[in-house]
Amino acid sequence: MGYIIKGEKHNWELVIGLEVHAQVISKAKLFSGSSTDFGGGPNTQVSFIDAGMPGMLPVLNGHAVEQAVKTGLGLKAKINRRSVFARKNYFYADMPQGYQISQYDQPIVGEGTLVLDMPDGSLREIGIERLHLEQDAGKSIHDLHPHKSYIDLNRSGIPLMEIVSKPDIRTPEEAGIYLKKLRSILRYLGTCDGNMEEGSMRCDANVSVRPVGSTELRTRCEIKNVNSVRFVMQAIEYEARRQVDCYESGGTVDQETRLYDSNKGETRSMRSKEFAHDYRYFPDPDLLPIEFDEAFVTRLQGALPELPDDKLARFTKDFGLTAYDAGVLVAEKENAEYFEEVAKGCDPKLAANWVITNLFGVLNKRGVEIGDSPVSAKNLGRLIELISDNTISSRMAKEVFEAMVETGKTPDAIVEERGMKQITDTGAIDAAVDKIIAENADKVAQYKSGKVQMLGWFVGQVMKATQGKANPAMCSDALKKKLDA
Ligand code: MN
């Protein structure tokens, strides 16, 4: 089982913990009223607070606090009734305060759980260590001028949730599944849009290796700010091999921060622990502790949407879907909602099949989200009804579906226009069958002499004679009856 790196001295396993910085969906920043909109002109969304002007006092954004608590509840985590903001002191040009307001030993959310749906159908529970609220820093831009750097403070003060997993992850694949699942939960909750390209979800990976069977935790390296799921997986894979090579050749691994270079596919040392910061955390004297009463948490708990795990359970139980199909459908809330709309009046398994295979195929090809689907859920549901009630065959349905994609028309209109109604009239089918049998005495003889696989050929001939409109199952039945008579 698992992911093992074979060496000369040992077989090695991976120990991975992930820290995700997730940008809170909020109109205003964590401690000021400035806008958090992405893509504004440089330094156009900066208040005195965000610029670190002396004498300014932070005012906590209550909505951001609710978002963090909602996220904690979605991760089945302990919501701490009292938490404290702390100053994390360090200097950086894009952080004019000289410290980041974060949380240290009293975070807003404590231990929780995230369940990974593994490809083999099994479940893996990964512990959540904590979630805390903190402000983002500004952005340094080094590539606009040959010897100057620019600072954009629009991002300064934007609310972030730092979500820290326990070191429970054992393979690059699990890390990828963890990130996708976390992203899915955040999007269901509406607390983070999960957009890694725009930086609203950024991942740091803590990686160490140890001989299989050992329970020790060896020195770990932290790979900073990886911005796609695929790169996180690649970075972990590279880093684990690098550490195994160090140990196998008699060396040691230094605790350090590394960067992943996605062009070269390798991690590189950024700073070693020798130069590690002592952040001198202390409670921020400008901010009171956050305290909740039971009613506040109960209210948010009651308002939680159905989350992916519950939806998946319901889809498998109520609709009889496989865990795999249900998993594909629930990953994005909008897809799940679309599917449920389709499945309202028709066979849910058929609906799942059409959504996953045909509709997602078209969306992928066009590079659009389900919100911009050329086929409405109502129309797709109707198409499936037409298959189920034998108005059209599955083969015809593919043609109708293509026409729906091209024209946006209803399936009924397309079936009508193209005269595609399936022939289910036994009289008409019998007539066609009789004609084919009469015209092909030699083939009939072959069939009767034991070549029963000839039946397929006969069905094909009847379908051809009816321009593909005959119901294939009915043709087959009628042919068998007559040929075996
Ligand atoms: Mn952080």
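Visitor: How are the donor residues of the manganese ion spaced in sequence?

Guide: In this predicted model, the donor residues of the manganese ion follow the spacing H-x112-E-x27-E along the sequence. Glu 134 belongs to strand β7 (residues 123–135) and Glu 162 to strand β10 (residues 159–165), so the pair, 28 residues apart, links distant parts of the chain.

Visitor: What makes His 21, Glu 134 and Glu 162 protein donors of the manganese ion?

Guide: The NE2 atom of His 21 and the OE atoms of Glu 134 and Glu 162 lie 2.0 to 2.2 Å from the manganese ion, and because a donor here is an N, O or S atom within 2.8 Å of the metal, these atoms count as donors.

Visitor: Why is Glu 134 called buried?

Guide: Its relative accessibility is 2%, and since buried means under 20%, Glu 134 counts as buried. Glu 162 has a relative accessible area of 9%, and therefore Glu 162 is buried by the cut-off of under 20% as well.

Visitor: Which residues form a nonpolar patch on the surface with Met 56?

Guide: Phe 48 and Met 53 form the patch with Met 56, and together the three residues have about 300 Å² of accessible area.

Notes. Residues numbered from 1 in each chain as written. Predicted model: local features only at pLDDT ≥ 70, side-chain atom pairs only at ≥ 80, totals over all residues. Heavy atoms only, no water. Donors = N, O, S within 2.8 Å, 3.2 Å for Na, K, Ca; no water. Helix = DSSP H or I, 4+ residues; strand = E, 2+ residues; numbered from the N terminus. Buried < 20%, exposed > 50% of the residue type's maximum accessible area, 1.4 Å probe, protein only. Patch = residues over 30% accessible without salt bridge, like charges linked within 9 Å, V, L, I, M, F, W, Y side chains within 5 Å. Areas by Shrake-Rupley, 256 points an atom, 1.4 Å probe, with all protein chains shown as cover. Salt bridge = Lys/Arg side-chain N within 4 Å of Asp/Glu carboxyl O.
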